[in-house]
Structure formats: structure tokens, C-alpha cells
Amino acid sequence: MTDWGNQTVLVTGGAGFIGSFLTEELNSRGADVVVADNFSKGHDKLEHIADDVEIRPVDLTTHKGCIEATEGIDHVFHLAASVGGIHYIQRENIGGLTPSVLMNQHMLETARINDIDRFLFASSACIYRQEHDDLNKFSEDQAIPANPHSTYGWAKILGEVACDAYHEDSEVQTSSVRIFNAYGPRENLDPDSSHVIPSLCRKAIEAEDGDSIELFGDGTQERGFIYVTDLVDGMIETMEKKSDGEPINLGNSKEVVSMNELAEKIIEISGKDLSIEHDLSMPTGTDKYAADMTKMKAELDWEPSVKLEDGLERVYEWAEKELEGTKQAAVADGGDI
């Protein structure tokens, strides 16, 4: 299935951070791309390719919306979910569970009804148990027995179970990818809800020499980050090579860093004289959090290639331009900066 020029592909959540990069890449490979999204976070991430893709603004929490989304589709990348930063994941219970479960179930059932060939589900490393804090790299088998620390993680587990069930009981070929700490341009820069890399980039950009930037916790938490274009490549590789209903990690554990090291790298990119301040009262997430890449390398014959320093520079440069544009717009409107 390497000739995407003959395929009509649906990307749910295609107007989001990861979804927009996936939509862009599939379009560049010649696929006829359809985006299904409620556009609750805007259309701006797709503006540059809006004329090249079909937009279906539907409610994917309903059977009707999913039927409309999957009509005439060959393959589905299902990314749509209730998402947010660490505040959202740890505080939203019903909001982190119900919409995602409804979307996952309706999408799989309508994929069956509309004779979809292949269905890829975007799961998450949030399914892994927090009791594994002594581990640095999570392998796929460590998700069982399940005990994620959030309803968001439970929604992803239920999505994986449903994918496996539809693989066994229908003709839909399914796969699930567990995404570990994706980052890149087009992420949310809102200081109240952004992930750690865009959050730190914003703090460094807005800081002056001699200021400090704040980290949640003591900064010893470790992560392995995957750049968004690598992630997109991995998702497409999975769609092409894996259809057994089983989950697989998509992450990059070649460069695992602590939050202190991450902040230092971003400060170095900024060229400013900044220090790090720790807020021990804030949530920090799992202590050690990276993907075991063994199954990924073996089954996909693929691994990420973007170095962390290169990815961080790209995000920092993008964030600078984005924040400068916001500042200029505020000045033009006569508002506060």
C-alpha cells in the first residue's frame, strides 16, 4: 500500500497539531485526504493546504457524524480525542473519558459499515501504569494489567481493545500506535494548558536576561520525545505494514532527557542568561517515561531520525514567530500585549 495516490484517506482530528502534519504528509504523497474535525481549536493549522483537502465538519461523538465522515473512504487515521496538557489529563474525568470512548466506538462501527480497509488508532503512552516509575522504557506488554493514572488513559485502553475486537470480528484491518511525548511546531502555546516543550519555549522567549523559568517538580523527571514529522512517518509506516489489531509504541528513546536538561537546552537555544526555578507543588506526571523501541524497529523496520536539539530549535523558532505575530496583532487592535 505504498501508492497513496490511489487512496482516499480520512484523518479524524486532522485540524489538530499531529493531525495537521499527518494531513500535510499524506497530501504530499498524493492521497485524497479528508479531514473530519469539529474545529473546536480553529482552522489555522490547515490554512496552507485547505484547498487541497476535503473538510467534513462533523460531530464524531455521534453515529451520524461518523457515518458521514467515513463515506467513500479507503483508510482511516483516527486521531480525534479529548486532549489537553497535564492539567487536563489529571483533572478531567468525564471529559477525558466519555467523548473519546464515543468517538472510538462510533468510528470503528461506521468503518465496518462503510467497508473501510485499514483503520489506525492513535493511542497514547498514558495507558502505562504509573507504578512503573522505576522503569525508563515501557514495552508494549507492560500495559497489562491496566491501571493508567487518568480517565484519558482508560479511554485509550478501551480504544485499543475495541480495535482488536473489530480486527477479530470484522473485515476491518486495525492497528494501534502508542504515542510517546510528541512535540513540534503548531502545538498549543497557551501557558495554562500547553505541553512542556512549547511551555518552556514560551517562557524562555518572554523572559529577560537574569529571569528564571519555572519547572513543575524537581526537574529530575525523564522523557523521550519524538518530533512530529518522525511520528507522522511512523504512523504511515504502521498503516502500511501492520494490521494485526495489536498495539505498537511510537516514540524516541535514543535521547532520553530530564526536565532540567530539557530546560537547559532551551535556555541555550534562547541565548539568554536564565536560571531554572522549581515549583514542587505542581503535578509532574510519571517520573520516567520513554518508549521501548524494540517492537517498533522489528515490525516496522523504522526508527525516528530527528535529533532533539534540531527539533527544539525548530520549535523555538516557530514559537518566536508565532508570539511575535500575536504581539503585533494585539498592538494593531489597540489591545494589551
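Figure 1. F180 is buried, with a relative accessible area of 0%. The model shown in this and the following views is a prediction. A search of the whole structure finds eight aromatic pairs. In one of them, F180 and Y289 have ring centres 5.9 Å apart and planes at 70°, so the pair is edge-to-face. These two residues come from distant parts of the chain, 109 residues apart: F180 lies in the loop between β7 and β8, and Y289 lies in strand β15 (residues 288-291). Y289 also counts as buried, at 9% relative accessibility. Ring pairs join F180 and Y289 with Y128 and F138 in a cluster.

**Figure 2. The ring pair of Y183 and F225.** The ring centres of Y183 and F225 are 6.1 Å apart and the planes stand at 85°, so this pair is edge-to-face. Y183 belongs to strand β8, whereas F225 sits in the loop between β10 (222-223) and β11 (226-227); the two are 42 residues apart and the pair links distant parts of the chain. Y183 is buried at a relative accessible area of 1%. F225 counts as buried too, with 8% relative accessibility.

**Figure 3. Arginine side chains over aromatic rings.** The charged end of R186 sits over the ring of F21, 3.8 Å from the ring centre. F21 is one of the buried residues of helix α1, which is the subject of the next view.

**Figure 4. Helix α1 and its surroundings.** Helix α1 covers residues 17-28, twelve in number. From its first C-alpha to its last it reaches 17 Å, close to the 16 Å expected at 1.5 Å a residue. The buried residues of α1 are F17, I18, G19, S20, F21, L22, T23 and L26. What covers these buried residues includes the strands β1 (8-12), β2 (32-36), β4 (75-78), β7 (173-179) and β8 (182-183), together with helix α7 (228-241). After α1 comes G30, which has a positive phi near 95°.

**Figure 5. Strands β1 and β2.** β1 and β2 pair in the parallel sense over five bridges. L10 stands opposite V34 in β2. Four of the five residues of β2 are buried, so this strand is largely enclosed by the rest of the structure. Both strands are among the elements that cover the buried residues of α1.

**Figure 6. An open sheet of four strands.** The strand order is β6-β15-β10-β13, and the pairing is mixed. β6 (137-138) and β13 (257-258) stand at the edges with a single partner strand each, so one side of each has no neighbour in the sheet. β10 and β15 pair in the parallel sense over two bridges. E222 has K288 as its bridge partner in β15.

**Figure 7. S100 in helix α4.** S100 is found in helix α4, which runs over residues 94-113. With a relative accessibility of 3%, S100 counts as buried. Leaving aside residues up to four places away in sequence, S100 touches A81, S82 and A155.

**Figure 8. I116 and its contacts.** I116 is found in the loop between α4 and β5 (118-124). At 3% relative accessibility, I116 counts as buried. I116 and I73 are 43 residues apart in sequence, yet 6.4 Å apart in space from C-alpha to C-alpha. Not counting residues up to four places away in sequence, I116 touches T70, I73, D74, H75, V76, A111 and V172.

**Figure 9. The whole protein as context for the close-ups.** The protein has ten helices and 15 strands. Of its 337 residues, 53% count as buried. Among contacts between residues at least 6 apart in sequence, 78% join residues at least 24 apart. The protein exposes about 14800 Å², of which carbon and sulfur atoms supply 46%.

Technical notes: Residues numbered from 1 in each chain as written. Predicted model: local features only at pLDDT ≥ 70, side-chain atom pairs only at ≥ 80, totals over all residues. Heavy atoms only, no water. Expected span 1.5 Å × (residues − 1). Buried < 20%, exposed > 50% of the residue type's maximum accessible area, 1.4 Å probe, protein only. Contact = heavy atoms within 4.5 Å. Phe/Tyr/Trp six-rings, centres within 6.5 Å; stacked < 30°, edge-to-face > 60°. Lys NZ or Arg CZ within 6 Å of the ring centre and 35° of its normal. Areas by Shrake-Rupley, 256 points an atom, 1.4 Å probe, with all protein chains shown as cover. Pairing = 2+ DSSP bridges.
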